[in-house]
Amino acid sequence: MAEWFAHTFPNVVYLGWTGETGWWTSIVQTLYMTFISAIIGGLLGLIFGIGVVVTAEDGITPNRPLFWILDKVVSIGRAFPFIILLAAIAPFTKILVGTQIGMTAALVPLALGVAPFYARQVQASLESVDRGKVEAAQTVGADFLDIVFTVYLREELSGLIRVSTVTLISLIGLTAMAGAIGAGGLGNTAISYGYNRFANDVTWFATILILIFVLLVQLIGDFLAKKASHR
């Protein structure tokens with residue numbers, strides 16, 4: 001088996017598992033960029049998503065000017081192509097983390113790029129909460145935080161898990177483009193050591209690993225969503 005693999009994927013074996021260009025290094029870089037930016041961007045997206053819902057005309061704290069600002073920020077953020085966002089916020093990234101290249105630098109555009117997308121997903125999910133339950137909570141004297149956490153987030157937990165899964169999968173794809181600023185990861189390996197060097201086996205192997213990550217995220221997300229819906 002080892003002989004067949006080495007014969008079929010010679011360039012994959014040549015890169016090795018450790019070192020600067022090793023596969024394990026690329027996997028760790030991809031996981032680091034994906035999950036750290038998911039936490040940061042997810043929190044930002046959740047805040048903006050909740051903000052848009054509660055400040056809407058039929059929200060629990062209607063505020064037309066604030067709703068307009070939040071809605072437009074999310075819309076403009078979603079309209080930015082990620083590769084342009086990488087270049088546009090490069091000076092801000094350098095001020096924030098001290099560099100424009102590398103994994104840590106990639107976290108800034110990744111988080112800011114995924115936040116508006118997730119905010120819209122959260123908004124769509126929370127808007128499906130039964131209005132009667134919100135009004136019932138208001139009737140018994142529930143305050144703002146009670147309604148947000150015990151009505152909106154709790155009632156729509158399954159839906160939020162599903163949209164979080166979709167967002168995480170999208171984020172895995174964005175890490176491939178993050179290689180444009182020297183962030184590394186499997187996407188960068190597929191392009192730099194595969195496509196650019198005509199090493200198709202490297203490209204295919206990196207693609208297979210990314211697909212495995214996507215499949216695992218989808219399976220875990222579906223499992224958690226089902227558990228939440230039957231709680």
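Predicted model: local features only at pLDDT ≥ 70, side-chain atom pairs only at ≥ 80, totals over all residues.

Residues are numbered from 1 along each chain as its sequence is written, and side-chain values use heavy atoms, with hydrogens and water left out. The chain has twelve helices and zero strands; helices (H or I, at least four residues) and strands (E, at least two) are DSSP runs numbered from the N terminus.

**Whole chain**

- In sequence order the pattern of elements is α-α-α-α-α-α-α-α-α-α-α-α.
- The C-alpha trace spans about 70 × 45 × 25 Å along its principal axes.
- Of the 231 residues in the chain, 42% are buried (under 20% relative accessible area; exposed is over 50% and partly exposed lies in between, with a 1.4 Å probe and protein chains only).
- Among contacts (heavy atoms within 4.5 Å) between residues at least 6 apart in sequence, 70% join residues at least 24 apart.

**H3 with H12**

- The axes of H3 and H12 come within 12 Å and cross at roughly 40 degrees; axes are lines fitted to C-alpha atoms, for helices over the stretch in contact, and angles run from 0 to 180 degrees between N-to-C directions.
- That angle makes H3 oblique to H12 (under 35 degrees counts as roughly parallel, over 145 as roughly antiparallel, 65 to 115 as roughly perpendicular and the rest as oblique).
- The crossing of H3 and H12 is right-handed, a term used when the near helix is turned clockwise from the far one by less than a right angle, with left-handed used for anticlockwise.
- H3 contributes Trp23, Ile27, Thr30 and Leu31 to the contact, and H12 contributes Val202, Phe205, Ala206, Leu209 and Phe213.
- By class, the residues of the contact of H3 with H12 are eight nonpolar, one polar and no charged (Ala, Val, Leu, Ile, Met, Phe, Trp, Tyr, Cys and Pro count as nonpolar, Asp, Glu, Lys and Arg as charged, and the others, Gly among them, as polar).

**Aromatic pair**

- There is one aromatic pair, where rings of Phe, Tyr and Trp (its six-membered ring) pair if their centres lie within 6.5 Å, and planes under 30 degrees apart count as stacked, over 60 as edge-to-face and the rest as tilted.
- The ring centres of tryptophan 23 and phenylalanine 205 are 4.8 Å apart and their planes stand at 80 degrees, so the pair is edge-to-face.
- Because tryptophan 23 lies in helix H3 (residues 23–55) and phenylalanine 205 in helix H12 (residues 200–229), the pair ties together parts that are 182 residues apart in sequence.
- Both tryptophan 23 and phenylalanine 205 are buried.

**H3 with H4**

- H3 and helix H4 (residues 64–79) have axes that come within 9 Å and cross at roughly 145 degrees.
- The crossing of H3 and H4 is left-handed.
- On the H3 side, Phe48, Gly51, Val52 and Thr55 meet Arg64, Leu66, Phe67, Leu70, Asp71, Val73 and Val74 of H4.
- The contact of H3 with H4 comprises seven nonpolar, two polar and two charged residues.
- Aspartate 71, in helix H4, is buried with a relative accessible area of 15%.
- Not counting residues up to four places away in sequence, aspartate 71 touches Val52 and Arg120.

**H3 with H9**

- The axes of H3 and helix H9 (residues 144–155) are 13 Å apart, and the helices pack at an angle of about 105 degrees.
- H3 and H9 are therefore roughly perpendicular to each other.
- Leu46, Ile50, Val53 and Val54 of H3 make the contact with Phe144, Val148, Tyr152 and Leu153 of H9.
- The contact of H3 with H9 holds eight nonpolar, no polar and no charged residues.

**Two further buried residues**

- Glycine 49 belongs to helix H3 and is buried, at 0% relative accessibility.
- With its neighbours within four places in sequence left aside, glycine 49 is in contact with Ala119, Val122 and Gln123.
- Glycine 49 and arginine 162 are 113 residues apart in sequence and 15 Å apart in space, C-alpha to C-alpha.
- Alanine 105 sits in helix H7 (residues 103–126) and is buried, with a relative accessible area of 0%.
- From alanine 105 to methionine 33 the C-alpha to C-alpha distance is 9.6 Å, and the two are 72 residues apart in sequence.
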